[in-house]
Amino acid sequence: MTQHTAGPWRVGITRNKGGPWQGWRETDILAEEGCFLSLHQYHTADEADANARLIAAAPEMLALLRRFADGEQAIAETHVLLAQMVAV
């Protein structure tokens with residue numbers, strides 16, 4: 001299996017597009033080595049931000065899933081991660 005870009009990931013700048021792209025939002029997802037994903041969405045600002053936070057949380061979610069698969073209890077860490085994802 002191909003390895004993904006190492007985390008942590010974070011949400012960068014969101015730009016509102018103009019002209020023929022009116023209504024589109026472009027959000028950078030950043031890793032240690034800089035921007036590796038530019039997310040283009042035609043959603044409300046709230047939906048676009050929530051989607052970007054969900055994508056940025058992927059490395060932490062994968063790590064928690066692996067811990068659960070190994071039989072570890074990671075409930076507290078899951079609550080923290082979920083709170084960060086839904087933070088406004």
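In what order do the elements of the protein run from the N terminus on? The order is β-β-β-α-α-α. The model described here is predicted. Its elements amount to three helices and three strands.

**Surface and contacts**

The protein has 88 residues, and 22% of them are buried. Contacts between residues at least 6 apart in sequence can be sorted by how far along the chain they reach: 29% of them join residues at least 24 apart.

**An aromatic pair**

The structure holds two aromatic pairs. One of them is formed by Trp24 and Tyr42, whose ring centres are 5.6 Å apart. The planes of these two rings meet at 50°, so the pair counts as tilted; the tilted class lies between stacked, under 30 degrees, and edge-to-face, over 60.

Where in the chain do Trp24 and Tyr42 sit? Trp24 is in the loop between β1 (10-16) and β2 (25-31). Tyr42 is in the loop between β3 (34-41) and α1 (45-56). The two residues are 18 residues apart, and their pair links distant parts of the chain.

The table sets out the accessibility of both partners.

| Residue | Relative accessible area | Class |
|---|---|---|
| Trp24 | 29% | partly exposed |
| Tyr42 | 54% | exposed |

Why does Tyr42 count as exposed? Its relative accessibility is 54%, and exposed means over 50%. Trp24, at 29%, falls between the limits of 20% and 50%, so Trp24 is partly exposed.

Notes
Residues are numbered from 1 along each chain as its sequence is written. This is a predicted model: local features need pLDDT of at least 70, side-chain atom pairs count only at pLDDT 80 or more; totals for chains, interfaces and linings use all residues. Side-chain values use heavy atoms; hydrogens and water are left out. Helices (H or I, at least four residues) and strands (E, at least two) are DSSP runs, numbered from the N terminus. Buried means under 20% relative accessible area, exposed over 50%, partly exposed in between (1.4 Å probe, protein chains only). Contact means heavy atoms within 4.5 Å. Rings of Phe, Tyr and Trp (its six-membered ring) pair if their centres lie within 6.5 Å; planes under 30 degrees apart count as stacked, over 60 as edge-to-face and the rest as tilted.
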